[in-house]
Amino acid sequence: MGATDDPVLVEEADGVAHVVLNRPESRNALNLAMCHRLNEVFARLDAADDIGAVLLRAAGPAFCAGADLKERKGRDEGWVRARRLASFAAYEAIERCAKPVVALVHGPVVGSGGEIAMSCDFIVAADDATFRFPEPHWGTVGATQRLQRVVGKRRAKELLFTSRTMPAAEAVAVGLVARTVPAAELLATGAELAATIAGAPRLAMALTKQAVDLGAETDLAKGIRIEMAAIERCLADGGWRGGVEDFAAAMRAGRRPEPEGS
């Protein structure tokens, strides 16, 4: 990916979309142009039949230093309100994408950067990543909803009230990050994960994501009904037969197959 003024770069290969925050000179601070571009990119990827996984990462030494406060200089309350709505729309576009989206974060992840990362399905962090949610200390409100749903209400309050920096190891311990890897291995780890995800049957993967997301909003009994509806769609599609055939072929070849699913 070459140098460009585009605040979000996209490259697609082998069923994987690589989405890159591209304002390294501003430590990828989120501005209005980046909000609109993220919304546009993820709306397109959501409808892309040839994409099976998305990696979201950033250029430069920081994943995202938060909102670009410089662009608010001289603006009125109406502009700031519209800008915040644009950021909410960007986060939602990432979250609603039917494709699995993995965030690869490194360096500082601040405020809006955390919102972008939490909008993904899970986060893999370089061991040099740090997380901070300083919105109240900047005289505004943010990260109050996703953060508490990920780390719990009391932990979210502590992080927001104190604006302290949380290291990657602690982020794993509280469930914000799925795993950490050495910084030098972040891209290779992401590529391997994306290839694994993109190699799975597309419908089954999309329905798995949908069932988890919808199930999180209801009780277990209704969640099981959501899962059964997803299973019925897979059965109607017929793609499940390929998984059975692959399992049988692995057995015939003497390879150790993966454990059976439900």
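The legends below describe close-up views of a predicted model. Residues are numbered from 1 along each chain as its sequence is written, and side-chain values use heavy atoms, with hydrogens and water left out. Local features need pLDDT of at least 70 and side-chain atom pairs count only at pLDDT 80 or more, whereas totals for chains, interfaces and linings use all residues.

View A. The protein chain is divided into domain 1 (8–198) and domain 2 (201–253), with bounds from an automatic or database domain assignment. Their C-alpha centres lie 28 Å apart. In contact (heavy atoms within 4.5 Å) are 15 residues of domain 1 and 4 residues of domain 2. About 580 Å² is buried between the domains, 44% of it on carbon and sulfur atoms; buried area is the accessible area (1.4 Å probe) that two parts lose on being put together, summed over both.

**View B. Salt bridge between Asp121 and Lys209.** A salt bridge is a side-chain nitrogen of Lys or Arg within 4 Å of a carboxyl oxygen of Asp or Glu. Across the interface of domain 1 and domain 2 the rule finds 1 salt bridge. In the pair Asp121 and Lys209, the closest N and O atoms are 2.9 Å apart.

**View C. Salt bridge between Arg37 and Asp6.** The side chains of Arg37 and Asp6 meet at 2.9 Å, N to O. Arg37 lies in helix α1 and Asp6 in the segment before β1 (8–13), so the pair ties together parts that are 31 residues apart in sequence. Helices (H or I, at least four residues) and strands (E, at least two) are DSSP runs, numbered from the N terminus. Arg37 is buried at 19% relative accessible area, while Asp6 is partly exposed at 21%. Buried means under 20% relative accessible area, exposed over 50%, and partly exposed in between (1.4 Å probe, protein chains only).

View D. Arg96 pairs with Glu92, the closest N and O atoms being 3.9 Å apart. The two residues are 4 residues apart in helix α2, about one helical turn. Arg96 is exposed at 62% and Glu92 partly exposed at 40%. Glu95, also in helix α2, is joined to Arg146 in helix α4 (residues 146–151), so the pair ties together parts that are 51 residues apart in sequence. The closest N and O atoms of Glu95 and Arg146 are 3.0 Å apart. Glu95 is partly exposed at 34%, whereas Arg146 is buried at 18%.
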